[in-house]
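Colleague: Let us go through this model together. Please show me the sequence and the structure.

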Amino acid sequence: MALLGTRKPKFILKSQDEIERMRQAGRLVYQVLSKCRELCKPGVTTKELDEAAYKVYTDAGAKGLFLNYPNSQQGGPPFPGNTCISVNDEIVHGIPGQRVIKEGDIVSIDCGVNLDGWCGDSATTIMVGDVHKKVRQLCEGTQHVLQLAIDNIKPGRKWSQIARLMQNFAERSGYGVVRAFVGHGIGRQLHEHPQVPNYVDRKDRNWKDFELREGLVLAIEPMCTLGGSGDTRLLSDQWTVKTIDGLPSAHYEHTIAVMADGCEILTDGT
Ligand code: MG
Ligand code: MG
């Protein structure tokens, strides 16, 4: 789940021991997404994927973080799924249901869990069978945008340095960078300070830079669109966010911990 809106600024740095506990939660999210990847074939419904995800984390003694998540639209319904499943031109916050996955679809699955008081959050876009070359490249490109961030995080660097690398790669590839939703700090809460945008915009009053510090744990989650516009529209279900032009969108997210010499991914199954 990606963050919309503002929070009171307060950095909560994590100790080595706390990062290890967050890794347990992260590993479980990895297992959930691996199970979904295994099941995500033509003919399966998004509801079936959602139920499989629920079983994996519930069997492990964890709680899901998305079910009943409050809506940012005034009076909007709380989130009704265990995971967010967003297909093709759906960017984020898709509601699992009776939609049947087809050959050539791209299926973004986002999962967050709380295990023993600590949160993990990760998303991946699964390519189902034979995906159009341009759509496959979009997925690979978005994955690269996330990897660029991971490879360049170091204590002392500003987030704007990292976000610029991400934005430049995406835009030079012709992709749109979604701005309405951003990454976030994570720890005992799913959404902690700071906001972690995938772009730089100093004219935007909500855009705030921060320094990367050892012990900071972030969920980094670029969303890139094929059509070159990062503009979004909200469906009448008050959750599902689609691209403005109906073209596909990809979403990859890892929870990472800033370490003395770089960062470690907590949601890659290691
Ligand atoms: Mg997420
Ligand atoms: Mg997130």
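Colleague: Which residue stands opposite isoleucine 109 in S5?

Modeller: This is a predicted model, so local features need pLDDT of at least 70 and side-chain atom pairs count only at pLDDT 80 or more, while totals for chains, interfaces and linings use all residues. Residues are numbered from 1 along each chain as its sequence is written, chains are lettered from A and ligands numbered from 1 in the order in which they are written, and side-chain values use heavy atoms, with hydrogens and water left out. Helices (H or I, at least four residues) and strands (E, at least two) are DSSP runs, numbered from the N terminus, and two strands pair if DSSP finds at least two bridges between them. In S5, the residue opposite isoleucine 109 is threonine 124.

Colleague: How many bridges pair S4 and S5?

Modeller: The two strands run in the antiparallel sense. Isoleucine 106 faces methionine 127 in S5. In the hairpin, two residues lie between the strands, and aspartate 116 takes a positive phi near 50°. The pairing of S4 and S5 has 10 bridges.

Colleague: Which strand does S4 join through four bridges?

Modeller: S1 (residues 63-64) pairs with S4 over two bridges, antiparallel. Lysine 63 of that pair has asparagine 114 as its bridge partner in S4. Isoleucine 85 stands opposite isoleucine 109 in S4. The strand with four bridges to S4, also antiparallel, is S2 (residues 84-87).

Colleague: How many of the residues of S4 are buried?

Modeller: Buried means under 20% relative accessible area, exposed over 50%, partly exposed in between (1.4 Å probe, protein chains only). Ile106, Ser108, Asp110, Gly112 and Asn114 point one way, Val107, Ile109, Cys111, Val113 and Leu115 the other, and all are buried. In S5, nine of the 10 residues are buried, so S5 is largely enclosed by the rest of the structure. For S4, the count is 10 of 10.

Colleague: What is the distance between the end C-alpha atoms of helix H1?

Modeller: The expected span of a helix is 1.5 Å times one less than its number of residues. H1 (residues 16-39) has 24 residues, so it should span 34 Å. The model agrees, with the end C-alpha atoms apart by 35 Å.

Colleague: What covers the buried residues of H1?

Modeller: Those buried residues include Ile19, Met22, Leu28, Val32 and Cys36. Contact means heavy atoms within 4.5 Å. The cover includes helix H2 (46-59), S4 (106-115), S5 (118-127), S9, S14 and S15.

Colleague: Which strands stand at the edges of the open sheet, and why is one side of each without a neighbour?

Modeller: Five strands form this antiparallel sheet, in the order S8-S7-S9-S14-S15. Each edge strand has a single partner strand, so one side is left without a neighbour in the sheet. Neighbouring strands are turned by 30° against each other on average, direction ignored. The edge strands are S8 (192-196) and S15 (262-265).

Colleague: At what angle to S14 does helix H3 run?

Modeller: Axes are lines fitted to C-alpha atoms, for helices over the stretch in contact, and angles run from 0 to 180 degrees between N-to-C directions. H3 (residues 133-152) lies across S9, S14 and S15. Its angle to S14 is about 15°.

Colleague: How many disulfides does the count come to?

Modeller: A disulfide is a pair of cysteine sulfur atoms within 2.5 Å. The sulfur of cysteine 40 is 7.8 Å from its closest cysteine sulfur, in cysteine 36, too far for a bond. For cysteine 84, the closest is in cysteine 111 at 9.2 Å, also too far. The count of disulfides is zero.
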